[in-house]
Amino acid sequence: VLAQFTPSGRLHFLDCVMLPGGGMHQMVTTKLMPLLASPRYVRCKKWYDGGDPALESREQSNSDYSGARIIEDLLKTVYHPGVSDWQTRKNALKFIFTQSPGGVPMVQVSPTITEGEPFNRVDAAFAGGYSYKVNAMGEVLKDVPDKKQPSSHVGDAVTHVLGRVLFRPQEKPTPRSKDREKQRAKGYGVS
């Protein structure tokens, strides 16, 4: 999900790419990098790359890599893990949808469909695709979004980052593997 905070305090959701059934490497190389090379983004020099904290978990097939590491290596950036706490993420959503700086809604979703996507994925998520599971009576069954919804990935991507950016919770950052080795080496001492 590509979004921009404007100086006037609005949040513009510009584009969104997904690769159902594909891996992080394939999605970044086949969908995201071509989009970032388009005239719309070629002049953008500063990005904040973040998302689900689970992307820092190592892949089972290659323990040297994780989703976050793939993002960092391919995009030459630093990955910022988002917030995992649902209450913080839910409050971030509530915040962006209840603010109206200058009398205009804070959230603006681009009306265009991202090239190569079948529909506007952000629009679909915010129009009810990112929602709670309910029973036949309309009662909420669980206080977390329904993960079986196709839009759950889009909603999760947005809330993980917004929780971190808007509320800056004080969670301990997960040290990188080299940092862990240095910490472990400090723990060995001879007296």
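Three strands make up an open sheet of mixed pairing, in the order β1-β2-β5, where two strands count as paired if DSSP finds at least two bridges between them. At its edges lie β1 and β5 (107–109), each of which pairs on one side only. Direction ignored, neighbouring strands of this sheet are turned by 20° against each other on average; axes here are lines fitted to C-alpha atoms, for helices over the stretch in contact, and angles run from 0 to 180 degrees between N-to-C directions. The model is a predicted one, so to speak of local features takes a pLDDT of at least 70, and side-chain atom pairs count only at pLDDT 80 or more, while totals for chains, interfaces and linings use all residues. Residues are numbered from 1 along each chain as its sequence is written, and side-chain values use heavy atoms, with hydrogens and water left out.

On one side of the sheet, strand β1 (residues 2–5) runs antiparallel to strand β2 (residues 11–15), and 4 bridges join the two. Ala 3 has Phe 13 of β2 as its bridge partner, and Phe 5 has Leu 11. The hairpin of β1 and β2 has 5 residues between the strands, and within this hairpin Gly 9 takes a positive phi near 90°. Helix α4 (residues 121–129) lies across β2 and β5, and runs at about 130° to β5.

Stepping back to the whole chain, there are 6 helices and 7 strands. These elements are DSSP runs numbered from the N terminus, with helices being H or I of at least four residues and strands being E of at least two. Read from the N terminus on, the order is β-β-α-β-α-β-α-β-α-β-β-α-α. The chain has 191 residues, of which 31% are buried. Its accessible surface comes to about 12,500 Å², with 55% of that belonging to carbon and sulfur atoms; the areas come from the Shrake-Rupley method with a 1.4 Å probe, and for residues only the protein chains shown count as cover. Taking contacts between residues at least 6 apart in sequence, 61% join residues at least 24 apart, a contact being heavy atoms within 4.5 Å.

The axes of helix α1 (residues 24–36) and helix α2 (residues 67–75) come within 10 Å and cross at roughly 35°. On the α1 side the contact involves Met 24, His 25, Val 28, Thr 29, Leu 32, Met 33 and Leu 36, and on the α2 side Gly 67, Ile 70, Ile 71, Leu 74 and Leu 75. These residues divide into 9 nonpolar, 3 polar and no charged. In this count Ala, Val, Leu, Ile, Met, Phe, Trp, Tyr, Cys and Pro are nonpolar, Asp, Glu, Lys and Arg are charged, and the others, Gly among them, are polar.

Lys 76 sits in the loop between α2 and β4 (79–81) and is exposed, at 73% relative accessibility. Lys 76 has a positive phi of about 55° although it is not a glycine. In general, most residues other than glycine have a negative phi. Gly 116, in the loop between β5 and α4, is exposed with a relative accessible area of 58%. Gly 116 lies 7.9 Å from Lys 31, C-alpha to C-alpha, with the two 85 residues apart in sequence. Lys 148 belongs to the loop between β7 (140–145) and α5 (152–167) and is exposed too, its relative accessible area being 72%. The C-alpha atoms of Lys 148 and Lys 133 are separated by 9.1 Å, the residues being 15 apart along the chain.

Terms used. Buried < 20%, exposed > 50% of the residue type's maximum accessible area, 1.4 Å probe, protein only.
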